[in-house]
Amino acid sequence: GIVSNGSASDPAPPHETFDTILVLDFGSQYTHLITRRLRELNIYSEMLPCTQKLADLTWKPKGIILSGGPYSVYAADAPHVDPEVFKLDVPILGICYGLQEIAWHHGKNVLAGEKREYGRASLNIRPSESQQAHVSKLFESLPNDMEVWMSHGDKLSRIPDGFTTIATTANSAYAGIAHEQKEYYGIQFHPEVTHTPQGGVVIKNFAVNICKAQQNWTMEAFKDKEVVRIRKLVGETGQVIGAVSGGVDSTVAAKLMHEAIGDRFHAVMVDNGVLRMDEAKQVKETLTKGLGVNLTVIDASERFLGLLKGVSDPEKKRKIIGNTFIEIFEEEAKKIAKAAESTPKAGKIEYFLQGTLYPDVIESISFKGPSQTIKTHHNVGGLPEKMNLKLIEPLRELFKDEVRKMGLDLGIPADLVGRHPFPGPGLAIRIIGDVTPEKVRTVQEADRIFIEEIRNAGLYDKISQAFAALMAGDAVGVVGDQRLYGHIIALRAVVTTDFMTADAYEFEIKFLKHIAQRIGDEVKGVARVTYEVTGKPPSTIEFE
Ligand code: GLN
């Protein structure tokens, strides 16, 4: 699915309508940050694997950045860029491995250093004798001795022909090199990480001053162009169907489709019985009344809960929910298709809307090693394939913060745009053990209280994800004079930037005690409330 959109046949994807810096990935864990830094400067940037053949590239970048990578350019199986990159006549910036790749291409002058250089270093950008010496365009407006982050073991053995040294550090004689006529630049440090505090200026100097890329990548501009692109793609009568969940991505995608083709976009929400409290009602309210989206809500909660009865294995729960969702969605799609085709001037449903984001794309195309061939990825769930629909993915070029910005531009309420993620299998995986309607209600009520308190305390946006879960087994408690065996509710709130690692949020104990009191008083059948403090790793964010 990832490759089925944004292809050359589509009308004007962003790399054709915005000045674009191409980042070629050699497998560094920081590569996506280069793309992000450029986007933050309102410069459009896309990443492709270092193995990209230039003959297959249908657009011309304003400049190219070669990323870092874990390999050594002199190794027999080291990855190298298509040599055509050096014939394209656009500025090139090499970062770490990228610097070494530029040097290697110009005379194989790279070898293993005596020791790895890892950590902070001070960059001298006036490396020649005289302190009045010329500072490279790459370091314009930067102070001498700025702090940079190093992470390399290899080094240049000599300066390649036609290049000059533009920066040094105590450990690196070639911390920066340049061929000013060809506009090739190489730096040994990583400007994309926060450990290089002024790295953004280096990236800006390259993209704006050297490549002359326009800083016009804004969500407003993208939205307008994307609306035009969708209209062209879908045609005068084409229809699009898509699922909405109440989450940020599907809501933004749905609203964008609505802007583009109005009621020819058909949103479907399936209430699977394991959503947050009143979720289906609220989504209906927001999407139809608030945003004008053509939405059908299907209450299938009984069907789901029936199938989930007695199932404790989380993988089985996931499968049941996933498969049943597909069945119901297909049934509904057929109905919508029939109705759509009988309407005058309406065409067939040809497209399936999917809220794929750029990190998914990056994940699927990032360079994973010289021995690994890049696989084209297939769509999750297989729904569009099964239904013979083409994918439309209007958010596939965007990072999450860009989706949020666009959401606000589209008039989606800020509290929805800033909403925490919610898993597809919903509360079924926040109820440890088997799922019953009574447990669903319990966890819904506890969750509502927890989130309400967090919002009222002004903490919601400081937390990345917060929720209540229901633990397996009962605990003893006391209500009035009676001993009572009841549920154990676990509260979880984490802070994270990328959801790969996470820390438990540090609430004040008084605040947690207040919530425990409220849940105990207001939610029937709860005997205990705990707060989960494990970080990720070793735990995960969800419980199962
Ligand atoms: N393997 C190269 C080195 O150690 C490049 C490292 C990097 O790009 N971070 O020098």
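Modeller: Here is a short tour of the ligand site, the confidence scores and some backbone details. Keep in mind that this is a predicted model.

Biologist: How many residues surround the ligand, and which are the closest?

Modeller: The ligand is surrounded by 13 residues. Gly69, Tyr71, Cys96, Gly153 and Asp154 are the closest.

Biologist: How do the residues of that shell divide into nonpolar, polar and charged?

Modeller: Seven are polar, four are nonpolar and two are charged.

Biologist: Which helix and which strand each supply at least two residues of the shell?

Modeller: Those are helix H3, residues 97-105, and strand E6, residues 146-156. E6 gives the largest share, with four residues.

Biologist: Where does histidine 190 come in?

Modeller: Through its side chain. An N or O atom there is 3.4 Å from a nitrogen atom of the ligand.

Biologist: How much of the ligand does the protein bury?

Modeller: The protein buries 91% of the 300 Å² that the ligand exposes when taken alone.

Biologist: Switching to confidence. What pLDDT does the protein average?

Modeller: The average is 92. A score of at least 70 is reached by 95% of the residues. For the complex, the predictor gives an ipTM of 0.91 and a pTM of 0.88.

Biologist: Where does pLDDT stay under 50?

Modeller: Residues 1-9 are one such stretch. The model has 22 contacts for them beyond four places in sequence. Residues 373-381 are also below 50. That stretch has 18 contacts in the model beyond near neighbours in sequence.

Biologist: New topic. Is glutamate 332 buried or exposed?

Modeller: Glutamate 332 counts as buried, because its relative accessibility is 11% and the cut-off for buried is under 20%.

Biologist: Where is glutamate 332 found, and what is it in contact with?

Modeller: Glutamate 332 is in helix H9, which spans residues 314-342. Leaving aside neighbours within four places in sequence, glutamate 332 is in contact with Val268, Thr296 and Ile298.

Biologist: On to the backbone. Which peptide bond has omega near -10°?

Modeller: The one from lysine 536 to proline 537, and that bond is cis. Another cis bond joins proline 537 and proline 538, with omega about 5°. Proline 537 sits in the segment after strand E18, residues 526-531. Proline 538 is in the segment after E18 too.

Biologist: Why point those out?

Modeller: Because most peptide bonds are trans. Also, most residues other than glycine have a negative phi.

Biologist: OK, then what is phi for lysine 108?

Modeller: Phi of lysine 108 is positive, near 50°. Lysine 108 lies in the loop between H3 and strand E5, residues 110-123. With a relative accessible area of 57%, lysine 108 is exposed.

Biologist: And glutamate 183? What is phi there?

Modeller: Glutamate 183 has a positive phi as well, near 60°. Its place is the loop between strand E8, residues 176-179, and strand E9, residues 184-187.

Biologist: What is the relative accessible area of glutamate 183?

Modeller: For glutamate 183 the value is 23%, so this residue counts as partly exposed.

Technical notes
Residues numbered from 1 in each chain as written. Predicted model: local features only at pLDDT ≥ 70, side-chain atom pairs only at ≥ 80, totals over all residues. Heavy atoms only, no water. Near = heavy atom within 4 Å. Polar contact = N/O pair within 3.5 Å; in protein donor to acceptor, adjacent residues only side chain to side chain. Areas by Shrake-Rupley, 256 points an atom, 1.4 Å probe, with all protein chains shown as cover. Nonpolar A, V, L, I, M, F, W, Y, C, P; charged D, E, K, R; others polar. pLDDT = per-residue confidence, 0-100. Contact = heavy atoms within 4.5 Å. Buried < 20%, exposed > 50% of the residue type's maximum accessible area, 1.4 Å probe, protein only.
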